[in-house]
Amino acid sequence: MTATPERYARSIADLTRSKKTLAGGVSSNVRLGDKPFPLFFDRGLGSHLWDVDGNEYIDYVLGRGPLLLGHTPKEVVQATVDQLWRGQIYAAQHELEYELSERVSRIIPCADLVRFGISGSEAVHGALRLARAATGRQTVLKFEGQYHGWLDNILYSLSPDPTRAGHALHPATLAESSGQFSGADSHVVVLPWNNIEVLSQYLEQHHNEIAAIITEPVMCNTAVIPPLPGYLEAMRDLCTQHGVVLIFDEVITGFRLSLAGAQGRFNIKPDLTIFGKAIANGMPISCLAGREQFMGLIAQGKVGHGGTYNSLPAAVAGAIATLDLLEKDGAAVYDTLETTGQSLMQGIRNLTAKHDIQAVIQGYGAIFYLGFPVQGANLPVGQAITDYRSSLAMDNDLYTIFVSAMVDRGVRIIPRGNWFLSSAHNQADVESTLKAIEEVFAEVIASKV
Ligand code: PMP
């Protein structure tokens, strides 16, 4: 389970106990893959987190994205708690709701109308339903290596086995889970990302069947791949030309890559968009937003959208407090994030050069990717990963060893290679992290590459 069981004695006992009644000992399958094993945590503050054995970590997982301001920022916690004492749920309208929708609509250019839910997965579900209703077409186009939640009609080809995934330019639509509704796959088309020729040719022939293109505007779920210059613009033009609804899934990039998300950073207006995670810094809320032409179908009651906990008052209060902090001082927080993240990325680059370790480091200050190529991949120095198939040149087993060794040294990262930054991370965190990386490179990694 781990090379240092004494360090995690209480977590090991907790996992053994919880497995008896909690399926797998975890509440999300993603956590099954945590290294060295699913640890138990006790508290978080700022950029740091403590496990039940009292070990302290610099946290680059941050709830897998929500904690853009770090753990438990006092303004967000206070606003949430204050609202809880005024009532947990009304199952009716409250005034904070429109305060938040007005804020989102002002910040996000495509957000004429907004609806709130709890999870990103259900907001994606709503967007796909809207696109089908608006176009009368059935099929959705997604990209290999992207994730849009765990629901049946879109859980395809996140990390497909390359031996079954078909031609790189025309991948198969592969279910990620056993038990997924069979038949849904005939209405999902998978294409490689960052290839405008393939997309353009496909739409030329099939646009009459395609209701929507759904995309992460930066491919955060595989290697934090940035869009190639002009790619998103061309996708936007193709959707307009062919009457296809363009959906930006900004569950990770939203409020992280800029105040107005990736769409703000790249200045592109999708038709529909989804936010979750960072919008409320850890409180459960998601947001489906878009042009009136589409969202109006929900407003008119033609397209169904519901949920007992939608617009949960405490979560809405948490979101408003979060946006207050993100917008403060001309959104200065984004400069801090970029500076801290870039300094960490540069520090890692320097260490890979010093220890002669091949690595790919790409992304942005607020979220970046680190991975080691498999031996013999012979990537030219500085080579970027541009799509799912090029991410297969990375050595996941070696990265897993790296992750466990980092966690052992008090730096918490996830095996997928994504590093999340928060405005609570500072230069001291960067220095301590680089010290741990240098140790792991020298003691663990250098002998294996
Ligand atoms: N879309 C993207 C891009 C995501 O990364 C995720 C979750 N990581 C989701 C949708 C699903 O969101 P949730 O886990 O809140 O259902």
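## Two loop residues with positive phi

Leu62 sits in the loop between S3 and helix H2 (74–85); helices (H or I, at least four residues) and strands (E, at least two) are DSSP runs, numbered from the N terminus. Phi of Leu62 is near 50°, a positive value in a residue other than glycine. Leu62 counts as buried because it has 28 C-beta neighbours inside 10 Å. Here a residue is buried if 20 or more other C-beta atoms lie within 10 Å of its own, exposed if 12 or fewer, and partly exposed in between, with C-beta atoms placed from the backbone.

Please keep in mind that this is a predicted model: local features need pLDDT of at least 70, side-chain atom pairs count only at pLDDT 80 or more, and totals for chains, interfaces and linings use all residues. Residues are numbered from 1 along each chain as its sequence is written.

Ser311 also has a positive phi, of about 60°, although it is not a glycine. Its loop lies between helix H8 (292–299) and helix H9 (313–331). With 24 C-beta neighbours inside 10 Å, Ser311 counts as buried.

## A cis peptide bond

One more loop deserves a look, between helix H1 (9–19) and strand S1 (41–45), where Pro36 lies. The peptide bond from Lys35 to Pro36 is cis, with omega near 5°.

Contact between the domains involves 27 residues of domain 1 and 32 residues of domain 2, where two residues are in contact if their C-beta atoms, placed from the backbone, lie within 7 Å. On the domain 1 side, the elements giving two or more residues are H10, strand S13 (360–363), strand S14 (367–371) and helix H11 (388–391). S14 gives the most, with 4 residues. By class, this side of domain 1 has 15 nonpolar, 10 polar and 2 charged residues. Ala, Val, Leu, Ile, Met, Phe, Trp, Tyr, Cys and Pro count as nonpolar, Asp, Glu, Lys and Arg as charged, and the others, Gly among them, as polar.

S13 and S14 run antiparallel and are joined by 4 bridges; two strands pair if DSSP finds at least two bridges between them. A hairpin of 3 residues links S13 to S14, and Gly363 has Phe368 in S14 as its bridge partner.

## The covered strand S12

In strand S12 (residues 286–290), 5 of its 5 residues are buried. Both faces are covered, with Ser286, Leu288 and Gly290 on one side and Cys287 and Ala289 on the other.

S12 has antiparallel partners. Strand S4 (residues 113–117) is joined to S12 by 5 bridges, with Gly117 opposite Ser286. Strand S11 (residues 272–275) is joined to S12 by 4 bridges, and Ile274 has Leu288 as its bridge partner.

## Helix H13 and its covered face

The buried residues of helix H13 (residues 427–445) are Asp429, Val430, Thr433, Ile437, Val440, Phe441 and Ile445. Seen down the axis of H13, these fall within an arc of 105°, so they line one face of the helix; the arc is that of the directions from the helix axis to the C-beta atoms.

The elements covering these buried residues include strand S3 (56–59), helix H10 (333–354), helix H12 (396–408) and strand S15 (411–412). The face of H13 turned away from its buried side carries the exposed residues Ala428, Glu431 and Glu443.
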